[in-house]
Amino acid sequence: MNQLLRFTTAGSVDDGKSTLIGRLLFDSKSIFEDQLEAVQASSTKKGFDYVDLSLLTDGLRSEREQGITIDVAYRYFATPKRKFIIADTPGHIQYTRNMVTGASTANLALILIDARKGLIEQTFRHSFLASLLKIPHIIVCVNKMDLVDYKEEVYEKIVEDYKAFSSKLEVHDIQFVPISALLGDNVVNRSEKMDWYQGATLLHMLETVHIESDYNHIDSRFPVQYVVRPQTRDHQDFRGYAGRVAGGIFRVGDEVLVLPSGFTSKIKTIEFGEEMLEEAFAPMSVIITLEDEIDISRGDIIAKPTNHPESNQDIELMLCWMNQRPMSLNSKYYLRHTSRETKAVLKEITYKLDISSAKKIEGVEQLGMNDIARIKLRTAQPLEFDSYRKNRITGSIILVDEGTNETVAAGMII
Amino acid sequence: MSQYYLSHLRELESEAIYIIREVVAQFERPALLFSGGKDSIVLAYLSRKAFYPARIPFPLVHIDTGHNFPETMEYRDWLVNELGVRLVVGSVQESIDKGRAKEETGINASRNALQTVTLLDTIEQNKFDAAMGGARRDEEKARAKERFFSHRDEFGQWDPKNQRPELWNIFNGRKHLGEHFRVFPISNWTEMDVWQYLFAENISIPKLYYSHKREVIVRDGTILSTSPYLKLKSDEKPIEMTVRFRTCGDMPITGAVESDADTMEKIIDEVAASRKTERGTRADDKRGETAMEDRKKSGYF
């Protein structure tokens, strides 16, 4: 069965990220002739003596004019083993918000390091963000090996440096691979120039990394999105709760607890279209019906009497601020969490984090674009949530500006 | 617990259904933009699954350019009946008659760009606040950065630099009066995923997609069906070819490919082996390197 792997790429301006993506698409034969012809023509027009694969991924006009990527772009490719979705994000400091966006749905982060430069400030920042967003897997690509004569010592030194630094991160699965994106070494095809490297190619790693445990299958959580009531003659009394399982496993006959009401009941059916299912797990979208008639609406969460989320109006979070206008103490926002919306007020900025050095800065009263901070919010109604560490779905929130309706912050509950 | 994971197709299906349900929960007057093409067909069937046993709680909206393939129209009416869903038609001919849109002239004239006017008028007249479409991010460069929930200002315009960040699976559909959203539930699907899904779910599609004999002309390398809407140059002679269509747009601009694929299995094999993108057969995308981006900004699908 073909699985889906979502990964994000983070890199600095010149470390060859776009070239690497172009190479993955090209060598896995995911590029069409007409796309390649367009890139060949652009390369010739610019006077390059090679086909610039990075042109494959640089999308919008404003970007092509500036020659940089400015937003999250999604790319797709498939091999006989897996289908891949790449969230391609730019690496500049001012684009933390884009990296956070791309990382929020990723199973895996690709981190690029220029073999000539070794670990630089951006490496720390990208890795730190991957850890903060709890991306389960990291692959560190030591790129441009061709420019250091494919020397093993150069690679080994970078691996060692990275391991020393990453012991402080909360990512447990980190792999390394020496590559040249420009020439294709160890990307899809094995390099003939690095006999000393016995490990897998990048594509092989992407195809085999173990992602079955990336979703929480322990703590049962079902946020209700919508109540389905057909009100037709055939289904007069039908009352189904539509939603996407956020964690754990639900089975027909299971005892369930509905929050915030606190009512309990049993699962009568689990339905998907015309199919009747025995069980449902994350990330399945299903309809659940219960034995008892209880008042349940959008924003409620179905869990188990023995295992349910906590309920609180005071929430501590790691927050990434994403708007031009700063966030200050006591400002109010709409808070969105699973299928729920309530109001929230910023009560405290505990500290701001310098993500390049992981230093905590206290005494801050305002957060600006791309700042990351530990904060306290108070909500208008109690929220049923888990820690982000436990569940990325029931542990995450966004804040929405009351006036402009823009999404202004992403938060991970501690 | 290794059996607790989904195939990529089931995961995409689950994601799309989640988004369709979010639209119905977050908006008051949603609609599904139905072109008759395979992507919007998949969307219609996903909508059915999302709310079953209830009916689809929003109408299908068809922007009728008047230049559609007859096969598309026949299929549309069949599907509306099959799903028991309401149909709203916006007519480009009507927009032209009212002077809201001006017909292009010349040999390559098309009504493709005129659809934007009719679409925006239809959205406004029906007060739709969310219009779902079957666009996919793999189709075209400008779409690679499109959000699932794409905000449009009161003029229906898209601003690529001012899109709301989309995090996890939390979608922000808050808006001011007069603004609306375009929502793309199958953003993450590729052409192959769509075909595999149609096959797996045994969904009927218009006959156009299957190989058939047709009277065509070949213009600048593009195979175009003859029709009352296509003006022929003096040296163009119609010939009969065995073709099928990979997309389902207006007759005068939708190119065919030579093909013997007369079953869905054969189409899937053909798509897998194909070295050209499906939009490569669309004359409207060849009007410049950023043709799609420019049309999108002004409110195109």
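Predicted model: local features only at pLDDT ≥ 70, side-chain atom pairs only at ≥ 80, totals over all residues.
Let's start with the two chains together. The contact takes 83 residues from chain A and 66 residues from chain B. How much area is buried between chain A and chain B? About 6900 Å², and carbon and sulfur atoms give 55% of that. The size of an interface is often given this way, as the accessible area lost when the parts come together.

Now the polar side of that interface. There are six salt bridges across the interface of chain A and chain B. There are also 30 residue pairs in polar contact across it, both partners at pLDDT 80 or more. On the chain A side, the largest share comes from helix H3, residues 61–66, with five residues. By class, the chain A side that touches chain B has 36 nonpolar, 23 polar and 24 charged residues.

Side chains of opposite charge can pair when their charged atoms come close. Here Arg298(A) pairs with Glu22(B), with the closest N and O atoms 2.9 Å apart. Where do the two partners sit? Arg298(A) is in the loop between strand E14 (285–290) and strand E15 (301–303) of chain A. Glu22(B) is in helix H1 of chain B, residues 8–26. Is each one buried or exposed? Arg298(A) has 29% relative accessibility, so it counts as partly exposed. Glu22(B) has a relative accessible area of 2%, so Glu22(B) is buried.

Next, inside chain A. A search of the whole structure finds 46 salt bridges over all chains. Let me follow one residue, Glu170(A). Its side chain meets that of Lys134(A) in a salt bridge, 3.9 Å from N to O. Why does that pair tie together separate parts of the sequence? Because Lys134(A) lies in the loop between helix H5 (121–132) and strand E5 (137–143), while Glu170(A) lies in the loop between helix H6 (152–166) and strand E6 (173–178), all in chain A. Those parts are 36 residues apart in sequence.

Glu170(A) also meets Arg389(A) in a salt bridge, at 2.9 Å from N to O. That pair links distant parts of the chain, 219 residues apart. Arg389(A) sits in the loop between strand E22 (372–385) and strand E23 (396–400) of chain A. Now for accessibility. Glu170(A) is at 35%, so it counts as partly exposed. Arg389(A) is at 59%, which is over the 50% cut-off, so Arg389(A) counts as exposed.

Asp114(A), Arg116(A), Lys117(A) and Lys144(A) are linked in a network of salt bridges. And helix H4 of chain A, residues 96–104, is mostly covered. How many of its residues are buried? Nine of its nine. Among them are Arg97(A), Asn98(A), Met99(A) and Val100(A).

On to chain B and its domains. The domain assignment gives domain 1, covering 8–196 + 290–297, and domain 2, covering 205–286. Their C-alpha centres lie 23 Å apart. In the contact between them, 32 residues of domain 1 meet 32 residues of domain 2. The two domains bury about 2800 Å² between them, 59% of it on carbon and sulfur atoms. Which three residues supply more of domain 1's buried area than any other three? Phe69(B), Ile107(B) and Trp195(B), with 29% of the area that domain 1 buries against domain 2.

Between domain 1 and domain 2 of chain B, the count is three salt bridges. The side chains of Arg246(B) and Glu191(B) also meet in a salt bridge, at 2.9 Å from N to O.

Which elements build the domain 1 side? Those giving two or more residues are helix H2 (38–51), helix H3 (70–83), helix H6 (191–200) and helix H8 (291–297) of chain B. H3(B) gives the largest share, five residues. By class, the residues on that side divide into nine nonpolar, 13 polar and 10 charged.

Terms used
Residues numbered from 1 in each chain as written. Chains lettered and ligands numbered in written order. Heavy atoms only, no water. Domains from an automatic or database assignment. Contact = heavy atoms within 4.5 Å. Buried area = accessible area lost by both parts, 1.4 Å probe. Salt bridge = Lys/Arg side-chain N within 4 Å of Asp/Glu carboxyl O. Helix = DSSP H or I, 4+ residues; strand = E, 2+ residues; numbered from the N terminus. Nonpolar A, V, L, I, M, F, W, Y, C, P; charged D, E, K, R; others polar. Polar contact = N/O pair within 3.5 Å; in protein donor to acceptor, adjacent residues only side chain to side chain. Buried < 20%, exposed > 50% of the residue type's maximum accessible area, 1.4 Å probe, protein only.
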